[in-house]
Amino acid sequence: MEGQPRLPFCFFAMLEFCSMEISSLVTSLRNTMSSHPRTAFLTGAGISTASGIPDFRGKEGIAYASRHYGMRYESLISHSTLMSKPEVFYDFYWSRMVYPNAKPNAAHLAIAAYRGENAVLTQNIDGLHQKAGSKNVIELHGTTAKYSCLSCGRSYSLSEIRHDGVPHCPSCGGVLRPDVVLYEEPLDYSALEAARDIISSAEVLIVVGTSLNVYPAAGLIYEFRGRTKAIVNLEATPLDSYFDLAIHGPAEEILPEVLG
Ligand SMILES: [Zn+2]
């Protein structure tokens with residue numbers, strides 16, 4: 001297998017042929033990317049786990065929400081909980097959703113270094129694509145980096161506010177909210193429209209680190225009209241058969257192989 005990309009493991013079976021199959025998929029996608037086609041990257045929580053950010057929608061996050069609060073995480077981080085029980089909302093929020101010291105990993109860096117025209121559409125709220133150097137990033141679910149006052153509307157950055165308890169507006173004392181799309185709230189229409197335009201005009205779509213079960217962001221993949229669509233995810237997803245290439249493994253190992 002000299003010259004083939006090296007991949008550490010396969011989640012389907014501990015069989016040699018399986019890692020060989022992944023290597024051939026990686027080679028195929030690497031060949032596609034070698035001419036630097038215009039590419040849309042659609043990323044989810046799985047791209048940031050190697051940066052130490054757990055998926056708060058994952059099994060562990062669900063169990064934590066239930067154990068500590070007796071609530072489903074969808075309820076915890078909903079608009080109504082922010083409005084009615086901000087102290088409960090922010091207790092979960094600061095402990096599970098904000099990681100100001102996290103650093104981009106090899107997957108974020110590989111995307112940022114990709115030389116073809118590209119845009120990143122992310123479901124993540126961690127800002128790691130921008131920290132890695134990506135310039136054209138659409139944050140479909142908002143960001144933990146910015147806050148606005150529910151009373152006067154003034155905006156603040158994360159570094160300007162306290163990182164525990166309910167943050168209040170330094171100007172008027174009102175409760176601050178994160179510029180994150182909460183449950184019960186719609187996605188930003190203009191961001192969604194921009195994302196649709198980017199995907200529909202891309203030559204290649206690469207989905208990374210999401211099992212595509214969070215709508216409406218996941219529905220964006222059906223806007224794609226280009227020639228190659230691929231998914232890179234740790235585990236198989238129900239939508240794998242929609243893609244030309246489905247590669248199962250850690251994004252921080254595979255993307256540098258594919259894009260480097
Ligand atoms: Zn205010």
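## Two strands side by side

Two strands count as paired if DSSP finds at least two bridges between them. Keep that in mind as you look at this predicted model. Strand β8, residues 228–233, pairs with β9 in the parallel sense, and 4 bridges join them. You can find one of these contacts yourself: alanine 230 has leucine 245, in β9, as its bridge partner.

Helix α9 (residues 251–259) packs on the sheet here, where it touches β7 (204–208), β8 and β9. The direction of α9 makes about 145° with that of β8.

## The whole sheet

Now step back to the sheet these strands belong to. Strands of a sheet pair through backbone hydrogen bonds, either parallel or antiparallel. In this model, 6 strands form an open sheet with parallel pairing, in the order β3-β2-β1-β7-β8-β9. Which strands are at the edges? They are β3 (137–139) and β9 (245–248), each of which pairs on one side only. On average, neighbouring strands of the sheet are turned by 15° against each other, direction ignored.

## The chain as a whole

In total, the protein chain has 9 helices and 9 strands. Its C-alpha trace spans about 65 × 35 × 30 Å along the principal axes. For 260 residues, a compact globule would have a radius of gyration near 18 Å, and the 19 Å of this chain agrees with that.

How many of the 260 residues are buried? The share that counts as buried is 38%.

Methods
Residues are numbered from 1 along each chain as its sequence is written. This is a predicted model: local features need pLDDT of at least 70, side-chain atom pairs count only at pLDDT 80 or more; totals for chains, interfaces and linings use all residues. Helices (H or I, at least four residues) and strands (E, at least two) are DSSP runs, numbered from the N terminus. The radius of gyration is taken over C-alpha atoms; the globule rule is 2.2 Å times the number of residues to the power 0.38. A residue is buried if 20 or more other C-beta atoms lie within 10 Å of its own, exposed if 12 or fewer, and partly exposed in between; C-beta atoms are placed from the backbone. Axes are lines fitted to C-alpha atoms, for helices over the stretch in contact, and angles run from 0 to 180 degrees between N-to-C directions. Two residues are in contact if their C-beta atoms, placed from the backbone, lie within 7 Å.
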